[in-house]
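Look over the sequence and the structure first, then read the notes below.

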Amino acid sequence: MLRGCAVVDASDRLAWLAGRLLADLGADVVKIEAPGADVRGAEWRALNVDKRLVTLDVAHPDGAARFDQLAAAADIVVCTPQPGGPLALDPRRLAERHSRAVVVAVTPFGLAGPKAN
């Protein structure tokens, strides 16, 4: 159903299932994880099956540049930005720089306001 659709999944546990469903539907999903992230746990494995793992530190300039390259080729970018988090994962910035991609930001309480943190 989604064959030919490129997805960059830079999410944490909140949105792992979103990327998993896109992969299940045939999308080519690249999962971004920080160096040292635990990718061996059962929950991580179950919710990130059929994704290609790329380890990047998006807070570092080289990692952010590589992330931007991946996002530029994506049809969908899924992220779970944190207030004050890496600029590379800012959904507004992603939407401006990669206007052809659908940017999906999954947060529990939004990016601004009294409960954002």
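Which side chain meets that of R100 in a salt bridge? The side chain of D75 does, with 2.9 Å from N to O. The model is a predicted one.

- Five strands form an open sheet in the order β3-β2-β1-β4-β5, and the pairing is parallel.
- The edges are taken by β3 (51-55) and β5 (102-105); each has a single partner strand, so one side of each has no neighbour in the sheet.
- On average, neighbouring strands are turned by 20° against each other, with direction ignored.

**Strand pairs**

- β1 and β2 run parallel and are joined by four bridges; here V7 stands opposite V29 in β2.
- β2 also pairs with β3 in the parallel sense, over five bridges, and V29 stands opposite K51 in β3.
- Strand β2 is mostly covered, with five of its six residues buried.
- At the other end of the strand order, β4 (residues 76-79) pairs with β5 in the parallel sense over four bridges.
- I76 has V102 in β5 as its bridge partner.

**Helices on the sheet**

- Helix α1 (residues 16-24) packs on the sheet and touches β1 (6-10), β2 (28-33), β3 and β4. The direction of α1 makes about 155° with that of β2.
- Helix α3 (residues 61-72) also packs on the sheet, with contacts to β1, β2, β3 and β4. For α3, the angle with the direction of β1 is about 145°.

**β-α-β units**

- A right-handed β-α-β unit is made by β1, α1 and β2.
- Another right-handed β-α-β unit consists of β2, helix α2 (residues 42-47) and β3.

**Salt bridges**

- Side chains of opposite charge can pair when their charged atoms come close.
- The model has nine salt bridges, and three of the pairs are described here: D9 with K51, D24 with R20, and R100 with D75.

**D9 and K51**

- In this salt bridge the distance from N to O is 2.6 Å.
- The pair links distant parts of the chain, as D9 is in strand β1 and K51 in strand β3, 42 residues apart.
- Are these two residues buried or exposed? Both D9 and K51 are buried.

**D24 and R20**

- The side chains of D24 and R20 meet at 3.0 Å, N to O, in a salt bridge.
- Both residues lie in helix α1, four residues apart, which is about one turn of the helix.
- D24 has 43% relative accessibility and therefore counts as partly exposed.
- R20 counts as partly exposed because its relative accessibility is 23%.

**R100 and D75**

- R100 lies in the loop between α4 (91-97) and β5, and D75 in the loop between α3 and β4. The two are 25 residues apart, and the pair links distant parts of the chain.
- R100 has a relative accessible area of 52%, so it is exposed.
- D75 is partly exposed because its relative accessible area is 23%.

- Which residues do salt bridges with shared partners join into one network? They are D9, K31, E33 and K51.

Conventions: Residues are numbered from 1 along each chain as its sequence is written. This is a predicted model: local features need pLDDT of at least 70, side-chain atom pairs count only at pLDDT 80 or more; totals for chains, interfaces and linings use all residues. Side-chain values use heavy atoms; hydrogens and water are left out. Two strands pair if DSSP finds at least two bridges between them. Axes are lines fitted to C-alpha atoms, for helices over the stretch in contact, and angles run from 0 to 180 degrees between N-to-C directions. Contact means heavy atoms within 4.5 Å. A salt bridge is a side-chain nitrogen of Lys or Arg within 4 Å of a carboxyl oxygen of Asp or Glu. Buried means under 20% relative accessible area, exposed over 50%, partly exposed in between (1.4 Å probe, protein chains only). A crossover is right-handed if, with the strands pointing away from the viewer, the path from the first strand over the helix to the second runs clockwise.
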